[in-house]
2 protein chains.
Amino acid sequence: MARGPEFDLIRRFLPRQSPERPDVRLGPGDDCAIVVGDGIALSADMSVEGVHFRRDWLSFQEIGGRAAAAALSDLAAMAARPIGILVSLAIPEADAGEAAVEVMDGIRRVAADVGAALLGGDTTRSPGPLAIDVTVVGEAPNPVPRSGAAVGDEVWVTGELGGSGLFVRQMLAGERPSRRARERFAAPVPRVAEARWLAGRGLARAMIDLSDGLAGDAAHLSAASGVAILLAPELIPIHPSVRRHARRDDALRLAISGGEDYELCFTAPIGLMEQHAEAFRAAFRIPLTCVGRVSGGDGVWWTDAEGHRQPLGTSGYQHFGGERDG
Amino acid sequence: MARGPEFDLIRRFLPRQSPERPDVRLGPGDDCAIVVGDGIALSADMSVEGVHFRRDWLSFQEIGGRAAAAALSDLAAMAARPIGILVSLAIPEADAGEAAVEVMDGIRRVAADVGAALLGGDTTRSPGPLAIDVTVVGEAPNPVPRSGAAVGDEVWVTGELGGSGLFVRQMLAGERPSRRARERFAAPVPRVAEARWLAGRGLARAMIDLSDGLAGDAAHLSAASGVAILLAPELIPIHPSVRRHARRDDALRLAISGGEDYELCFTAPIGLMEQHAEAFRAAFRIPLTCVGRVSGGDGVWWTDAEGHRQPLGTSGYQHFGGERDG
């Protein structure tokens, strides 16, 4: 019923010329873009206003950047090299001007930061919320899957966890948010370079990005690999904002189930990472922490020094609306 | 704020195992799918309730199938061989059960008809309308671009035009819709096999799919190729439902500006197509019609037997809400 006005808008967004890079044979402007590479990795991630973001919490640039980061994080999780993105926007009439331009600007900046070109997309009016679907495109000749974890592997995570979840909780409670927690929510950084560094050295056997929270995402690794994952609570790298604003148990819970930190969780053969951890930290200036190990069985468990397993207590995180986990 | 519940829904939709085909190295279930091919063609198309479809006009299966067809039509336009699709759904709470399953079923059927596997996607709650973004993935070692039209070429279209536009008009006027017009709107067929047949024989030099209507899409061809396109009004293949329900001038207007017919428009070297047209019609059982020719200059024009140019009068079609063209 409505093809047409969208074209004017998308044309404003899309570069006229193909990006000059050997992996983009044809850029935006035709019916399809065409990319080349040895194994093209693809993933789509949709962000909807009122579900994934609220406009009173973020600038339009942040809304766009965050949507792009969430999508690009899936390329990181495979250790793929980003090529480009396709962006579909459904825009409320009132936002079709400057707001839409800012959303696209935020998307483009985050994409450019990891070397991804704008390849195409679609723009349409929305009679409801702002919605952004980002499809990411990368090259992954040697992808690191979720299924590669082996019994005996160590479990590592990049960065510090729980900041994003803390911000959501603070906002919903009407509290003044912690500045550093806000940054974690508003401007997550897809760990693309970090993942490629790890994969390039053969250090990551199985990998996933932390969108649901460590508890939930480790469960995905565990299920895909057919192993149990044992986490040591005292090793979990809790974001400083969370340590400051939440008590011990609560902080730990936020760190493993707060979600949307977009850090990496991966498994590495025992003893191997330790030799590379300092070089990683020096290269990327973010923490890198061994948080547990892979064992026989299934599921994700807390473990103590004696190796006793205890239920994690929470299986991930759900809605800001509070269906399950607040 | 909300990663989580969507996983349960998308898991219901996605096959557990990778499709067994050499062009899909990794199917759904990991952070990315991975495809291989010589030139991967990509396009995204978003369908939003109240803008692109209305639920009182279509079944949920048709809503899904139509969204998939619109997206896959862009692969046809490049003469790409479909590999797969990624589907992002934003679903109103009340539709998260059977309705969503039917939407996905409609998508999957149309995709399967052209050999496209379900590679992944995203599912989320929508606080507003149902929205479907379909990213299509194909192999296009020798894509047919919009920019290949040469002066002297003939302009051809597949099928018959205007049926989809007639249905929209009838529905908006509260008339009982023509059954055949409804079919054109509700179940468009992406001309994937037809496009590959034409491209495989070196017959199509420039190609586009008719989503905006012939007037608008020929203008895209014209602009991309830097040529004028001259259309002969008496040659335009008007859909029978349109011939029956509209007067001559009005019928012609619907045929060139009704939009969403998802037929192909392509240019071919002069005299070449005529030798292949019968074989095409026999193979696909749809009309194939020469509607004009490519000339020097720019824009899209009506032309008569003497070659006089007249303005087309309407430059495409816009909204069911009637911004420009009703």
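What average pLDDT does chain A have, and what percentage of the residues score at least 70? In this predicted model, chain A averages a pLDDT of 92, and 91% of the residues score at least 70, pLDDT being the predictor's confidence in each residue, from 0 to 100. The complex receives an ipTM of 0.92 and a pTM of 0.93 from the predictor. Over residues 314-326 of chain A, pLDDT stays under 50; for these residues the model has 38 contacts beyond four places in sequence, where two residues are in contact if their C-beta atoms, placed from the backbone, lie within 7 Å. Residues are numbered from 1 along each chain as its sequence is written, while chains are lettered from A and ligands numbered from 1 in the order in which they are written. As the model is predicted, local features need pLDDT of at least 70 and side-chain atom pairs count only at pLDDT 80 or more, whereas totals for chains, interfaces and linings use all residues.

Chain A is assigned domain 1 (5-139) and domain 2 (146-311), with bounds that come from an automatic or database domain assignment. The C-alpha centres of these two domains of chain A lie 27 Å apart. Contacts between them involve 17 residues of domain 1 of chain A and 18 residues of domain 2 of chain A. On the domain 1 side, helix 2 (60-77) and strand 4 (81-92) of chain A each supply at least two residues; helices (H or I, at least four residues) and strands (E, at least two) are DSSP runs, numbered from the N terminus. Helix 2 of chain A gives the most to this side, with eleven residues. The residues of this side of domain 1 of chain A comprise eleven nonpolar, two polar and four charged. In this division, Ala, Val, Leu, Ile, Met, Phe, Trp, Tyr, Cys and Pro count as nonpolar, Asp, Glu, Lys and Arg as charged, and the others, Gly among them, as polar.

Between the chains, 66 residues of chain B are in contact with 66 residues of chain A. Elements giving two or more residues to the chain B side include strand 3 (40-48), helix 2 (60-77) and strand 8 (206-209) of chain B. Strand 3 of chain B provides the largest share, eight residues. This side of chain B divides into 35 nonpolar, 17 polar and 14 charged residues.

Strands from both chains form an open sheet of six strands in the order 1(A)-2(A)-3(B)-6(B)-4(B)-5(B), with mixed pairing; two strands pair if DSSP finds at least two bridges between them. Its edge strands are strand 1 (24-26) of chain A and strand 5 of chain B. Strand 4 of chain B pairs with strand 5 of chain B in the parallel sense over nine bridges, and Leu89(B) stands opposite Thr123(B) in strand 5 of chain B. Strand 3 (residues 40-48) of chain A pairs with strand 2 of chain B in the antiparallel sense over three bridges, with Leu42(A) opposite Ala33(B) in strand 2 of chain B.
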